[in-house]
Amino acid sequence: MKGERLIVYGAGGHGLVVAEAARASGWGEVLFYDDDANAQVPEGWARASSDEARAAGARVIVAVGNNESRAGLIEAARARGASLASVIHPSAVVSASAALGEGVFVG
């Protein structure tokens, strides 16, 4: 994860929180992608191209607040061969006995 490129799928408020946590936890380049080409990425952040976001092997975290939408986007990313990334903020406290799945965000 350290220094790797991460694509945050979803340019809304939740996406910004996830991107900030990713930056704080050592991810390299953090880019935003949104299916809505008119969606504004937060100021000071870069947008991934459609090709970058949909490339097989791309490290992606889906940061969409709606559970049903997020589940569908995760399945689509898996079908494309994307690698689901997890983001855990460095100040988060996670139990040593906790089992975290792929694609999880802990703020």
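Valine 94 is placed in the loop that runs between strand 6 (87–88) and strand 7 (105–106), where helices (H or I, at least four residues) and strands (E, at least two) are DSSP runs numbered from the N terminus. The model is predicted, and for that reason local features need pLDDT of at least 70 and side-chain atom pairs count only at pLDDT 80 or more, whereas totals for chains, interfaces and linings use all residues. Residues are numbered from 1 along each chain as its sequence is written, and side-chain values use heavy atoms, with hydrogens and water left out.

**Surface patch**

- Valine 94 counts as partly exposed because its relative accessibility is 34%; buried means under 20% relative accessible area, exposed over 50%, and partly exposed in between (1.4 Å probe, protein chains only).
- Together with Ile88 and Leu100, Val94 forms a nonpolar surface patch with about 210 Å² of accessible area, an area that comes from the Shrake-Rupley method with a 1.4 Å probe, only the protein chains shown counting as cover for residues.
- Patches are made of residues with over 30% relative accessible area and no salt bridge, like charges being joined within 9 Å and nonpolar side chains (Val, Leu, Ile, Met, Phe, Trp, Tyr) within 5 Å.

**Strand pairing**

- Strand 1 (residues 6–9) and strand 4 (residues 59–62) run parallel and are joined by three bridges, and two strands pair if DSSP finds at least two bridges between them.
- Within this pairing, tyrosine 9 stands opposite valine 62 of strand 4.
- Strand 4 is also joined to strand 5 (residues 83–84) by two bridges, again in parallel, and the bridge partner of arginine 59 in strand 5 is serine 83.
- From strand 4 the chain crosses through helix 3 (residues 67–80) to strand 5 in a right-handed β-α-β crossover, the term meaning that, with the strands pointing away from the viewer, the path from the first strand over the helix to the second runs clockwise.

**Salt bridges**

- The whole structure holds six salt bridges, each defined as a side-chain nitrogen of Lys or Arg within 4 Å of a carboxyl oxygen of Asp or Glu.
- In one of them, arginine 5 meets glutamate 29 with the closest N and O atoms 2.9 Å apart; arginine 5 lies in the segment before strand 1 and glutamate 29 in the loop between helix 1 (13–24) and strand 2 (30–33), so the pair ties together parts that are 24 residues apart in sequence.
- Arg5 and Glu29 are linked with Glu52 in a network of salt bridges.
- Arginine 78 forms a salt bridge with glutamate 75 at 2.7 Å between the closest N and O atoms, and both residues lie in helix 3, three residues apart, about one turn of the helix.
- Arginine 78 also meets glutamate 102 in a salt bridge (2.9 Å, N to O); glutamate 102 lies in the loop between strand 6 and strand 7, so this pair ties helix 3 to a part 24 residues apart in sequence.

**Aromatic pairs**

- Two aromatic pairs are counted, where rings of Phe, Tyr and Trp (its six-membered ring) pair if their centres lie within 6.5 Å, and planes under 30 degrees apart count as stacked, over 60 as edge-to-face and the rest as tilted.
- Tyrosine 9 and tyrosine 33 form an edge-to-face pair, 5.2 Å centre to centre with 65° between the planes, and both are buried.
- The rings of phenylalanine 32 and tryptophan 45 have their centres 5.6 Å apart and their planes at 90°, so this pair is edge-to-face; both residues are buried.
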